[in-house]
Amino acid sequence: MRPVIVGCSVAAICWFIMFSPWSAPNVNFWGMMVGATGLLAAYALLNGRGKLRELYAFHPKWIGTGILSAALLYVVFFIGDRISASLFDFAPTQIAGIYGTKSQASPAAIGPLLLLWIGPAEEIFWRGFVQRRLSEKFGTMKGFLIACAIYAGIHVWAFNVMLFMAALVCGLFWGWMFLRFKSVWPSLISHAVWDLTIFILLPIREPHHKGIIMKAIVLYEHGGLDKLTYKTDFPEPAIGPDDVLVNVKATGVNRVDLVVRSGYPGITIPMPHIPGGDIAGVVAKIGPGVKGFSEGDRVVAWPLIACGTCALCKEGKENLCLNWKYFGMHRHGGYAEYVAVPAASLLKLPDQVSFEQAVTLGIAGLTAYHGIHSVGELKKGEVFMIWGGSGGVGTIAVQLAKLAGATVIATAGKDEKLSAVKKLGADHVFNHHKEDVQAEVMKLFPVGVDMIIDYVGPATFAKSHAMLKKGGRMLLCGILTGRETTLSIHLTYLRHLSIKGLYLGTKDEMRELISLTAQKKINPLVGKSFPLVDAARAQEMMASGENLGKLVLTV
Ligand SMILES: [Zn+2]
């Protein structure tokens, strides 16, 4: 009696760890291994080691039988999967996703372990012990059916009805095999090959939009570059009724990503967190309430999410929404294979604009466009200046200012970048590390500059202020060198200066940027593309300021 109690307790605890819906996601893989070991231990305790040997009694034909049976199961499952997917938009392959999502290791790593360990352990315990004992007690057929019911019941308690169905069919089949061959070998091999198939082949065959897993760069805590964790089994995002699931093709690397990584003052970043405010890709799935988008559409996200109900949204100023949210800050961003985007924040992308170009138009492009047109109202014939004309904002601002008919001054930190900025249309370029920019600009334009975009901050603020023409305007949109500075109130009013802040822009402005790019009126400069796995290298490059043009991650 004692071994029975001990054995059943061990098995129960192990099963609880394996499949408990309340256990932490990363516990489950190791829980499965512990569970499988526990089942074998329980079997040995319940039956004695002699029975274990007897159960394994080998006959060559059973290997073939087992593999053939698994192949047959797979065909049945494959057909069922297709029918279910077409009728209910739900594929039983999600079962594989549930395991994959809950485990820390990738399906490919789990597969061989399943083949060698977990499937066989389950067979020995369920068929070898549970079914055999039940049959001894209640008769062969009754014992077989009760064992199947328990086996299936445990699966539905753990996960969902589809897993229950699969466990029911598989349990009946394997239980029958055990009866037929009077050995656990055929069902054991069949079960193992079957597990291997669903854990490896199905996720490979159905890699997307079936609620499985995805690649992503994930932050679990704030810190340095090493906190950017590359995951291949992060749960794919669920979408709400008004959301679109975007299969990300490219995402931009922005200064704000570095701030989010190290900790954003005043904003709590929900962890685990996927960074990335710029998102371009293809629609993979749409929520039932979404109109105007369908699967396969090329899209780019407006980087903000506006509430649509606050006072400013009602005035039509969605970019000033009081309850604004930002991708890669308040919610998951684009450093992943998939991201859920509210349809209201999504724009169609014409074929003429590449995904990599598209991600330059969000954060960087909007800042430049909104600054030059809506906030600064740059006019033909005016003198425009930007500090740092070679980065994401700078390269677009130079082109937009030129397009507006202004005379353009830009700076860069390296001589080779100066020629690139000149090629984009800048009339005067200066190396801000080597030259006295303020003196050079005042030599060229003794009355000063009409408008300056300054995202550098305290290091350039006083110079920008001094270079402005009477009545000139300075636009602030960054804090590269700090968050505070001092300002001469006296000189500001005496010289009629405007100092304005801006943060991103509107959806219509982004549409206009997309259209300008499609018509080749501007050419967004993609400096360097990195694969997603190299996000840390891309952020390192951004921090060093080495980049010319926009840094992009491709997924
Ligand atoms: Zn709002």
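Which residues in helix 16 meet which residues in helix 17? The first legend takes this up; please keep in mind throughout that the model is predicted.

**Close-up A. Helix 16 packs with helix 17 at an angle of about 10 degrees.** Here helix 16 covers residues 437–444 and helix 17 covers residues 458–467, with the two axes 10 Å apart. Angles under 35 degrees count as roughly parallel, so helix 16 is roughly parallel to helix 17. To answer the opening question, Gln438, Val441 and Met442 are the residues on the helix 16 side, and they meet Lys463, Ala466 and Met467 of helix 17. Sorted by class, this contact has four nonpolar residues, one polar residue and one charged residue.

**Close-up B. Helix 13 and helix 14 cross at roughly 40 degrees.** Helix 13 spans residues 361–375, helix 14 spans residues 392–403, and their axes come within 8 Å. The two helices are therefore oblique to each other, and their crossing is right-handed. From helix 13, look for Leu361, Ala364, Gly365, Thr367, Ala368, Tyr369 and Ile372; these meet Gly392, Val393, Ile396, Ala397, Leu400 and Ala401 in helix 14. The contact of helix 13 with helix 14 has ten nonpolar and three polar residues, and no charged ones.

**Close-up C. Helix 13 also meets helix 19.** The axis of helix 13 comes within 9 Å of that of helix 19 (residues 507–518), and the two cross at roughly 105 degrees. This makes helix 13 roughly perpendicular to helix 19. On the helix 13 side you will find Leu361, Gly362, Gly365, Leu366, Tyr369, His370 and Ser374, while helix 19 brings Glu509, Met510, Glu512, Leu513, Ile514, Leu516 and Thr517. By class, the contact has seven nonpolar, five polar and two charged residues.

**Close-up D. Four cysteines coordinate the zinc ion.** The SG atoms of Cys307, Cys310, Cys313 and Cys321 are the donors, at 2.3 Å. Along the sequence, the donor residues follow the spacing C-x2-C-x2-C-x7-C. Why is the arrangement tetrahedral? The angles between the four donor atoms around the zinc ion run from 103 to 120 degrees, and four donors count as tetrahedral if all angles lie between 85 and 135 degrees. For comparison, the ideal angle for four tetrahedral donors is 109.5 degrees.

**Close-up E. A cis peptide bond joins Met271 and Pro272.** Most peptide bonds are trans. Here, omega is about -10 degrees. Pro272 belongs to the loop between helix 10 (255–262) and strand 4 (279–286).

**Close-up F. Leu504 has a positive phi.** Most residues other than glycine have a negative phi. Leu504 is not a glycine, yet its phi is about 55 degrees. To find Leu504, go to the loop between strand 15 (498–501) and helix 19.

Key
Residues numbered from 1 in each chain as written. Predicted model: local features only at pLDDT ≥ 70, side-chain atom pairs only at ≥ 80, totals over all residues. Heavy atoms only, no water. Axes fitted to C-alpha atoms, helices over the stretch in contact; angles between N-to-C directions. Helix = DSSP H or I, 4+ residues; strand = E, 2+ residues; numbered from the N terminus. Parallel < 35°, antiparallel > 145°, perpendicular 65-115°, else oblique. Left-handed = near helix turned anticlockwise from the far one by under 90°. Contact = heavy atoms within 4.5 Å. Nonpolar A, V, L, I, M, F, W, Y, C, P; charged D, E, K, R; others polar. Donors = N, O, S within 2.8 Å, 3.2 Å for Na, K, Ca; no water. Tetrahedral: all angles 85-135°; square planar, octahedral: opposite > 155°, others 65-115°.
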